[in-house]
Amino acid sequence: MTASVRLDSVNKIYAAKAKNPIYAVRDFTIHIEPGEIVALLGSSGCGKTSTLRMIAGFEEVSKGAISIGGREIHKLPPAKRGVAMAFEGYSLYPPLTLRQNIAFALKSEKLGSAETNRRVEEIAGLLELTRHLDRYPSTVSAGQQQRASLGRALVRKADIYLLDEPMGQLEPQLRAVLRGRLKRYLREHGLTAILVTHDQTEANALADRIAVMEGGVLQQFASPADLKEKPANLFVGTFIGEPPMNVYRVEPQIFNGRISLRARGEELFGYEPGTIDDAVVSLLERRNALVVGVRPADVAVSPLNGARGATAKVVSNQWIGDQTHLESAFGDGVIVATLDNRFAARAGEALAVDVPADKLHLFAEDGTALAHGRSLASGGAH
Ligand SMILES: Nc1ncnc2c1ncn2[C@@H]1O[C@H](COP(=O)(O)OP(=O)(O)OP(=O)(O)O)[C@@H](O)[C@H]1O
Ligand SMILES: [Mg+2]
C-alpha cells in the first residue's frame, strides 16, 4: 500500500520552445522511503507545485525519471500512478456537496454506500468538517473548501499522498490542531506523503525530512534538526530558523594562537588559544575572508562591565510573549539575540555580546558551508 518514491534528475521547463523558456525545476533528485513524510519547502515560485504535479502526472517531466514503489511512472496517465493529490486551488466540483465531493474520490474503490459514508464521516471528523458536509463548495469558506479538498485526497487508498499547501487558508489555532491530526493519521496508516508548504513550522512539525528548494534547485534534503544545525549553504542557513541567522563577512586573524574574526578592522568575535578545534583553526588559516553565521539563540548578551565579548548597542528590545528579541548595532550591521526571559535593556544601552566557538557556522564566500561548530562540512575539508 505504502510506497517509496524516487525522483532522479527531474527537470521541468515550461515554454521550452519559446524564446525565454522557464526552468521551473532543475535536476531534482530525492529518494523517499516508504512511510516517510517529506516536505518541499521554499519561497513562492521555487518549483514546489511543479514538482508535485509532475509526480501526480498533471505536468509532463521535461527530463529525468520518477518511480513509485520501484515502478517507473512518469509516462503513465495520472489514474495509473497510485497517487492521491490535494491541489493548491482545491478544485472541488461545484455541483456536488462536500460529502459528495469527498465520496467521489472513492468511486473507483467500488465500496457499498454504508462503507463509503463511514469513510467520508471519519475523514470529515478528522478535519472538523462534519457540520458542513451537506453544503456546496460555493457556500462554505475558503478554509472549509481547502479541508474538503484535503479530505478528498486522504479518503482514498493510494500508494502516495501529495498535499499542496493543504492548510494555507486556516487560522493558526485550527492549523496547529489539524497539523497534529494529519500527522497522526499519516503515521497510523503508515502512509508516504509529500507536503508542499512555505511555512517552516509546518514543515518541521510534520516532516521526517525537508527538501529546501530555491529557484527550481534543491538546496538540501535533510531532517529538520540537520537543516538547523548543519545547513549545507548560506541560503539554507538563513532561510531556516526564525529570526534568521546573523551573518557577517569577516577576515580571520590569528596571533599567538588567538583567533580574531574581524570586519573592517574591528573585532566581531575573538577566541583564546585552544577554544577552537584544530581542524577549524587550520581552515581559518587558509582563508583570507569567509562568512560567519550565528543563530540568534546562540548569542550571549550581558551587561558591559567587565564581561567578555565585543560591544553592541541596543536598537530594539521586544518581548513577543514567550521570548525576547533583542536587536543591537554591531560592527557595521546589527546582531539579533533571542532570550528565553525578559531582558532589561533600553535602546541606546551598550552590551557585551559573545558567541561560543562551538556555535559558529562558517561559510565560504560563495556560500558553501565549511564548518558547523566543531564539525567540518564537506566544503571545509578542502
Ligand atoms: N503552466 C506554467 N507555465 C509557465 N510557467 C509556469 C507554469 N506553472 C508554473 N510556472 C512557473 O514555474 C515556476 C515555478 O512555479 P511553481 O508553481 O512550481 O512554484 P511554487 O513553488 O509552487 O510557488 P507558490 O509557493 O507560489 O505556489 C515559477 O516561475 C512559475 O511562474
Ligand atoms: Mg505552489
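This is a predicted model: local features need pLDDT of at least 70, side-chain atom pairs count only at pLDDT 80 or more; totals for chains, interfaces and linings use all residues.
**Entry 1**

β21 and β22 (residues 375–376) run antiparallel and are joined by two bridges. They make a hairpin with two residues between the strands, and Gly373 in the turn has a positive phi of about 55 degrees.

I then went to the other partner of β21. Strand β20 (residues 361–363) is antiparallel to β21 (residues 369–372), with three bridges between them.

**Entry 2. Ligand 1**

Which residues are closest to ligand 1? I counted 13 residues around the ligand, the closest being Ser44, Lys48, Thr49, Ser50 and Glu88. I sorted the shell by class and got four nonpolar, seven polar and two charged residues.

Next I listed backbone contacts to oxygen atoms of the ligand. For Gly45, a backbone N or O atom is 2.8 Å from a ligand oxygen. For Cys46, the distance from a polar backbone atom to an oxygen of ligand 1 is 3.2 Å. For Gly47, the corresponding value is 3.0 Å. On its own, ligand 1 has 640 Å² of accessible area, and the protein covers 63% of that. β2 (22–32) and α1 (48–56) are the elements that supply two or more residues to the shell. I found that α1 gives the most, with three residues.

**Entry 3. The magnesium ion**

What coordinates ligand 2? I find Thr49 through OG1 and Glu88 through OE, at 2.0 to 2.8 Å from the magnesium ion. Thr49 is in helix α1 and Glu88 is in the loop between β6 (83–86) and α2 (98–104), so the pair ties together parts that are 39 residues apart in sequence.

Thr49 has 22% relative accessibility and counts as partly exposed. Glu88 is also partly exposed, at 42%.

**Entry 4. Helix α1**

Is α1 mostly covered or mostly open? I found it mostly covered, with seven of its nine residues buried. I wrote down the buried ones: Lys48, Ser50, Thr51, Leu52, Met54, Ile55 and Ala56. After the helix comes Gly57, with a positive phi near 100 degrees.

**Entry 5. Backbone geometry**

The bond from Glu242 to Pro243 is cis, with omega near -10 degrees. I located Pro243 in the loop between α8 (234–239) and β11 (246–255).

I noted Ala15, which is not a glycine but has a positive phi of about 50 degrees. I placed Ala15 in the loop between β1 (5–14) and β2. With a relative accessible area of 45%, Ala15 is partly exposed.

I noted Glu165 as well: its phi is positive, about 50 degrees, and it is not a glycine. Glu165 lies in the loop between β7 (160–164) and α5 (172–188). Is Glu165 buried or exposed? I have it as buried, because its relative accessibility is 9% and the cut-off for buried is under 20%.

Definitions and conventions: Residues are numbered from 1 along each chain as its sequence is written. Chains are lettered from A and ligands numbered from 1 in the order in which they are written. Side-chain values use heavy atoms; hydrogens and water are left out. A residue is near a molecule or strand if one of its heavy atoms lies within 4 Å of it. A polar contact is a pair of N or O atoms within 3.5 Å; within protein, one must be able to donate a hydrogen and the other to accept it, and residues adjacent in sequence count only if both atoms are side-chain atoms. Accessible areas come from the Shrake-Rupley method with a 1.4 Å probe; for residues, only the protein chains shown count as cover. Helices (H or I, at least four residues) and strands (E, at least two) are DSSP runs, numbered from the N terminus. Ala, Val, Leu, Ile, Met, Phe, Trp, Tyr, Cys and Pro count as nonpolar, Asp, Glu, Lys and Arg as charged, and the others, Gly among them, as polar. Two strands pair if DSSP finds at least two bridges between them. Donors are N, O and S atoms within 2.8 Å of the metal (3.2 Å for Na, K and Ca); water is not among the atoms, so sites may look incomplete. Buried means under 20% relative accessible area, exposed over 50%, partly exposed in between (1.4 Å probe, protein chains only).
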